[in-house]
Amino acid sequence: MNDFYEKFRNRTSFDEHAEAISAHLDERYTSNEITVFHEIFSPDIHLDVYFVRSEKHNFNFLLTAGMSTLEMTVPNAVENPQDYKFAELMLLLPKSITFGKVTGDNPNDWLIAMLKEAARFPHHYDTWLAIGHTLQATADMEPYAENTNYTGVVILPSVTFDEEFTSVQAGKNLINIYSVFPLYADEMNYKIANGYNALLDRLIEKNAQEIFDENRANLLVQA
């Protein structure tokens with residue numbers, strides 16, 4: 001356990017990045033439209049989640065703030081690796097999905113937990129997350145919660161927000177905001193076997209929406 005804490009204590013922390021995300025939202029939404037789910041205990045990075053409800057949109061959304069506090073380990077083979085070192089994750093939600101004041105007591109809270117687990121993943125495993133990457137809820141691909149059949153996620157570019165929103169400049173550093181799209185187990189296996197482009201073709205073919213659908217039709221089932 002001590003080694004775990006030391007791993008994060010000795011890394012360079014970019015605390016100003018979380019402040020940049022907060023300012024990014026404040027420029028676009030009023031305080032009444034923004035709820036912050038503050039993290040009480042953070043064993044590694046302090047990771048808050050914003051819940052934005054605005055009449056500008058026909059959806060609400062969750063956005064992490066803290067994933068970009070540490071830089072990700074981007075392979076040197078990636079072109080312009082500096083452009084991919086910092087990221088935050090976003091999940092668009094239908095207006096019908098709500099949360100309580102305290103996370104953990106609401107049946108929809110698994111969505112917040114899913115985002116936070118994904119945001120911590122690259123820092124725990126010295127890797128990176130970018131468009132086309134997938135993550136499993138568990139090694140055995142069990143669902144995130146008892147009330148859902150989703151077992152993983154794929155990282156996608158937002159088709160709802162433009163680059164002006166999904167690219168945040170924090171000093172010299174670029175923070176990318178990626179969209180998270182939950183997957184069923186067979187969809188995850190399909191992506192692993194066939195690659196991101198094959199999954200993307202399925203998303204396009206099915207006209208899959210970026211807004212989360214808890215009862216979404218399976219991408220692999222023919223109509």
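**Exercise 1. Identify the bridge partner of Phe 86 in E8, and then describe how E8 pairs with other strands.**

*Solution.* Step 1. The bridge partner of Phe 86 in E8 is Ile 175. The structure used throughout these exercises is a predicted model.

Step 1. Consider next the pairing of E4 with E8: these strands pair in the parallel sense, over five bridges.

Step 2. Strand E6 is also joined to E8 by five bridges, but E6 and E8 run antiparallel. Within E8, Val 180 is the residue opposite Ile 155.

Step 3. Strand E7, residues 167–170, runs antiparallel to E8 and is joined to it by four bridges. Here Ala 170 stands opposite Asn 173 of E8. The hairpin of E7 and E8 has two residues between the strands, and Gly 171 takes a positive phi near 65° there.

**Exercise 2. Determine whether the residues of E8 are buried or exposed, on each side of the strand.**

*Solution.* Step 1. A residue counts as buried when its relative accessible area is under 20%.

Step 1. Pointing one way from E8 are Asn 173, Ile 175, Ile 177, Ser 179, Phe 181 and Leu 183, and all are buried. Leu 174, Asn 176, Tyr 178, Val 180 and Pro 182 point the other way, and these are buried as well.

Step 2. Eleven of the eleven residues of E8 are therefore buried, so the strand is largely enclosed by the rest of the structure.

**Exercise 3. Describe the largest nonpolar core and the elements that supply it.**

*Solution.* Step 1. The largest nonpolar core contains 35 residues; Leu 62, Leu 89, Leu 93, Phe 99 and Leu 111 have the most contacts inside it.

Step 1. At least two residues of this core come from each of strand E2 (48–53), strand E4 (86–93), helix H3 (109–124), strand E6 (152–156) and strand E8 (173–183). H3 gives the most, with seven residues.

Step 2. Take Leu 89 as an example. Leaving aside neighbours within four places in sequence, its contacts include Leu 62, Met 67, Leu 115, Ile 155, Tyr 178 and Val 180.

Step 3. A second, separate core has 21 residues, among them Ile 34, Leu 63, Ala 65 and Leu 92. In soluble globular proteins, nonpolar side chains tend to be buried together.

Technical notes:
Residues numbered from 1 in each chain as written. Predicted model: local features only at pLDDT ≥ 70, side-chain atom pairs only at ≥ 80, totals over all residues. Heavy atoms only, no water. Core = buried A, V, L, I, M, F, W, Y, C linked by side-chain atoms within 4.5 Å. Buried < 20%, exposed > 50% of the residue type's maximum accessible area, 1.4 Å probe, protein only. Contact = heavy atoms within 4.5 Å. Pairing = 2+ DSSP bridges.
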